[in-house]
Amino acid sequence: MSEQTLPDANSTPSGQSDAEYTPREIVSDDLGGMSFDEAIAGTIVEFDDGDIVKGTVVKVDKDEVLLDIGFKSEGVIPARELSIRNDVDPSEIVSLGDEIEALVLQKEDKEGRLVLSKKRAQYERAWGDIERIKANEGVVRGPVIEVVKGGLILDIGLRGFLPASLVELRRVRDLQPYVGRILEAKIIELDKNRNNVVLSRRAWLEETQKEQREAFLTNLKPGEVRRGTVSSVVNFGAFVDLGGMDGLVHVSELSWKHVDHPGSVVAVGDEIDVQVLDVDLDKERISLSLKATQQDPWQEFAGSHRVGELVYGRVTKLVPFGAFIQVGEGIEGLVHISEMSAHHVDLPEQVVNPGEELWVKIIDLDLQRRRISLSIKQAAEGGEVAAEYQQHFGAQAYDEEGNYIGPQAPAEGTTEAEQAWAEYYEQYPEAREQGETPPEGVEEAPEAVAEPFQEEGGEAGETGEEPSPS
């Protein structure tokens, strides 16, 4: 390698004469008369508290995020100011290098830091959009982020409240499955001062399904029977999903019997057959009946009984003018005080007590008004016994006209035990087939057949009297 020598400071550049040396200009003065401090200040972004600024994420910690916005120091976004969601991990919201907007909360806190908020910048942007959407009667869309008392919280850029009663066309009991789902809803209430946004998904569903509902209602005819599922039970009845819309079964249409609460008849999820009573196209309401699909006990009773027959019943209630007697499932008749006894009666309790069982005669049967008039006095005089009681006691206890005559006298030479076994076999022929015979030399007879209205596990005839109509 050849040796190089540096030029002498007093020497002249090659090719130049020994004239005076003039240094070349390396950097030009481009500040335009501005001082260096002024030039540095000019590179820093100017803003005030409440302004929205843009920046780049330069650091993500578990409790804060640093954002470079071109200020003399990075801005700090606390974890609670990252999202409208509660208790989030900052790394789930932002990543290094993301460009985001943030609202200036404080240019300099007591530690000299610039404090920013991403969620409040998002809130300010979203609020303007939501006001425009509501003015145009539009729809917002967002994921369900939380279940709160009375409803759901949707992330629509801010926290939108969706009441439980407005989630579906009918009220929903369990809201937890909606978390994470993206829902669409109408805005029904907006108050920026109170930071209050109320949504209705039901309003959106009603709007989108209007044509379907109209077609469904048009095809639904009063009198037809539809199968549906009980969707909710309320104090005044039950709602039934007919496969497109809900109809109401009023408590009075649930059963032919008195109903204290609809929950005693149906439960949510039950599949039942209902009859359409009425369709209101204007109000989009469907009235249904469950009892109309069941046999009317009054019609059944009237079809199998007639005036003049004797029936067995239980006293259910005493009133000043008489007593009510249950003579069938859900069927009660009135014994007027004048029909209680052959002698004068001042008070019903002089003759009967609640719970007492006795024979009564049907003296009037008004199916249209659903009223039965009964008589204890006339039952004491005897008469034809209703068919179900003839079967209950056995045909041998009645004559050809249906009058109760009691058990037949045993044949001559027949012991009482043998007669009892004969009656037992007559009523229960399967007992003979199964080989049930009285042990030789045993005089015990089978127990008597249970009397009418015998309760399970109890004794028939609470009064202990012979259930004889005569």
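## Burial and the overall chain

A residue is called buried when its relative accessible area is under 20%, exposed when this is over 50%, and partly exposed in between, with a 1.4 Å probe and protein chains only. At 11% relative accessibility, Ile187 therefore counts as buried. The structure is a predicted model, in which local features need pLDDT of at least 70 and side-chain atom pairs count only at pLDDT 80 or more, whereas totals for chains, interfaces and linings use all residues. Residues are numbered from 1 along each chain as its sequence is written, and side-chain values use heavy atoms, with hydrogens and water left out.

The chain has 10 helices and 20 strands, these being DSSP runs numbered from the N terminus (H or I, at least four residues, for helices; E, at least two, for strands). Of the 470 residues in the chain, 36% are buried. Among contacts (heavy atoms within 4.5 Å) with a separation of 6 or more, 57% are between residues 24 or more positions apart.

Ile187 is found in strand β9. Leaving aside neighbours within four places in sequence, Ile187 is in contact with Ile130, Ile133, Lys134, Val140, Val197, Val198 and Leu199. Ile187 and Ile133 are 54 residues apart in sequence, while their C-alpha atoms lie 8.1 Å apart in space.

Ser232 belongs to strand β11 and is likewise buried, at 13% relative accessibility. Not counting residues up to four places away in sequence, Ser232 touches Ala238, Phe239 and Val268.

## Nonpolar cores

In soluble globular proteins, nonpolar side chains tend to be buried together. A nonpolar core is defined here as a set of buried Ala, Val, Leu, Ile, Met, Phe, Trp, Tyr and Cys residues joined through side-chain atoms within 4.5 Å. The largest such core has 26 residues, and those with the most contacts inside it are Ile325, Val327, Val360, Ile372 and Leu374. At least two residues of this core come from each of α6 (297-304), β16, β17 (322-328), β18 (331-336), β19, β20 (371-375) and α7 (376-379). Another core, of 22 residues, lies apart from it and includes Ala126, Ile156, Leu183 and Ala185.

## Salt bridges

Side chains of opposite charge can pair when their charged atoms come close. With a salt bridge taken as a side-chain nitrogen of Lys or Arg within 4 Å of a carboxyl oxygen of Asp or Glu, a search of the whole structure finds 18 of them. In one of these, Glu124 pairs with Lys192, the closest N and O atoms being 3.7 Å apart. Glu124 lies in helix α3 (residues 118-135) and Lys192 in the loop between β9 (182-191) and β10 (196-200), so the pair ties together parts that are 68 residues apart in sequence. Both ends are partly exposed, Glu124 with a relative accessible area of 34% and Lys192 with 38%.

Arg227 forms a salt bridge with Glu271, again with 3.7 Å between the closest N and O atoms; this pair links strand β11 (residues 225-234) with strand β14 (residues 271-280), across 44 residues. Arg227 is partly exposed at 48% relative accessibility, whereas Glu271 is exposed at 53%. The bridge between Glu357 and Arg314 has its closest N and O atoms 2.7 Å apart, and it links strand β19 (residues 357-366) with strand β16 (residues 310-319), the two residues being 43 apart. Here both partners are buried, Glu357 at 3% relative accessibility and Arg314 at 15%. Salt bridges that share partners also join Arg227, Glu271 and Asp273 into one network.

## The largest pocket

On a 1 Å grid over the protein atoms alone, a pocket is an open set of points where a 1.4 Å probe fits, with protein on both sides within 12 Å along at least five of seven lines, and its lining residues have an atom within 4 Å of a point. The largest pocket holds about 750 Å³ of space, a volume being the space filled by probe spheres set on the points, which are joined across faces, edges and corners.

Its lining comprises 25 residues, of which Leu169, Arg170, Phe239, Asp246 and Glu284 lie nearest the centre. The elements α4 (201-208), β11, β12 (237-241), β13 (246-250) and β15 (285-289) each supply at least two lining residues. By class, the lining has eight nonpolar, six polar and 11 charged residues, where Ala, Val, Leu, Ile, Met, Phe, Trp, Tyr, Cys and Pro count as nonpolar, Asp, Glu, Lys and Arg as charged, and the others, Gly among them, as polar.
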